[in-house]
Amino acid sequence: MSTTTHTPGPWLTADFNAGTMVYVERPETAETKADPDVCHVYPMGFGEREANARLIAAAPELLEALRVVVRILELAHCVDCKCKVCSIARAAIAKAEGGDA
């Protein structure tokens, strides 16, 4: 089993003039508090960028697998279930489809 090297989430999206950007919020630092007008870019090494690319490339298959899992759970009388697994799965599907997570 490989070690996870992608950027930890949650990943967020924002619309800009050039299109939609994916980003990760980072904790506030003394530096960002001191100068809130400075844009601090989260530094990312090649290995992390490569891992992010693999995760993004796998996203369609992961989304389909999650939809199947939810369907199976619903068939097992979990239609209105509010358990942690169902809640996380439905929120992830909604986020991937552009809805509220």
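Contact here means heavy atoms within 4.5 Å of each other, and that is a handy idea to carry along as we walk through this structure. What you have above is a predicted model, in which local features need a pLDDT of at least 70 and side-chain atom pairs count only at pLDDT 80 or more, while totals for chains, interfaces and linings use all residues. Residues are numbered from 1 along each chain as its sequence is written, and side-chain values use heavy atoms, with hydrogens and water left out.

Let's begin with confidence. The pLDDT is the predictor's confidence in each residue, on a scale from 0 to 100. For the protein chain its mean is 79, and 77% of the residues reach 70 or more. Among the elements, helix 2 has the highest mean pLDDT (91), whereas helix 1 (residues 30-34) has the lowest (63). Where pLDDT is low, the predicted coordinates should not be read in detail.

Now for the overall layout. Helices (H or I, at least four residues) and strands (E, at least two) are DSSP runs, numbered from the N terminus. The protein chain has 3 helices and 2 strands, arranged along the sequence as β-β-α-α-α. Of its 101 residues, 12% are buried, meaning under 20% relative accessible area with a 1.4 Å probe and protein chains only; exposed means over 50%, and partly exposed lies in between.

Strand 1 (residues 11-16) pairs with strand 2 (residues 19-24) in the antiparallel sense over 6 bridges; two strands count as paired if DSSP finds at least two bridges between them. A hairpin of 2 residues joins strand 1 to strand 2, and Trp-11 has Val-24 in strand 2 as its bridge partner.

Let's finish with helix 3. Which residues of helix 3 are buried? They are Cys-86, Ala-89 and Ile-93. Seen down the helix axis, these buried residues fall within an arc of 70 degrees, so they line one face of helix 3; the arc is that of the directions from the helix axis to the C-beta atoms. The buried residues of helix 3 pack against helix 2 (46-75), while Lys-84 and Ile-88 are exposed on the other side of helix 3. After helix 3 comes Gly-98, with a positive phi near 90 degrees.
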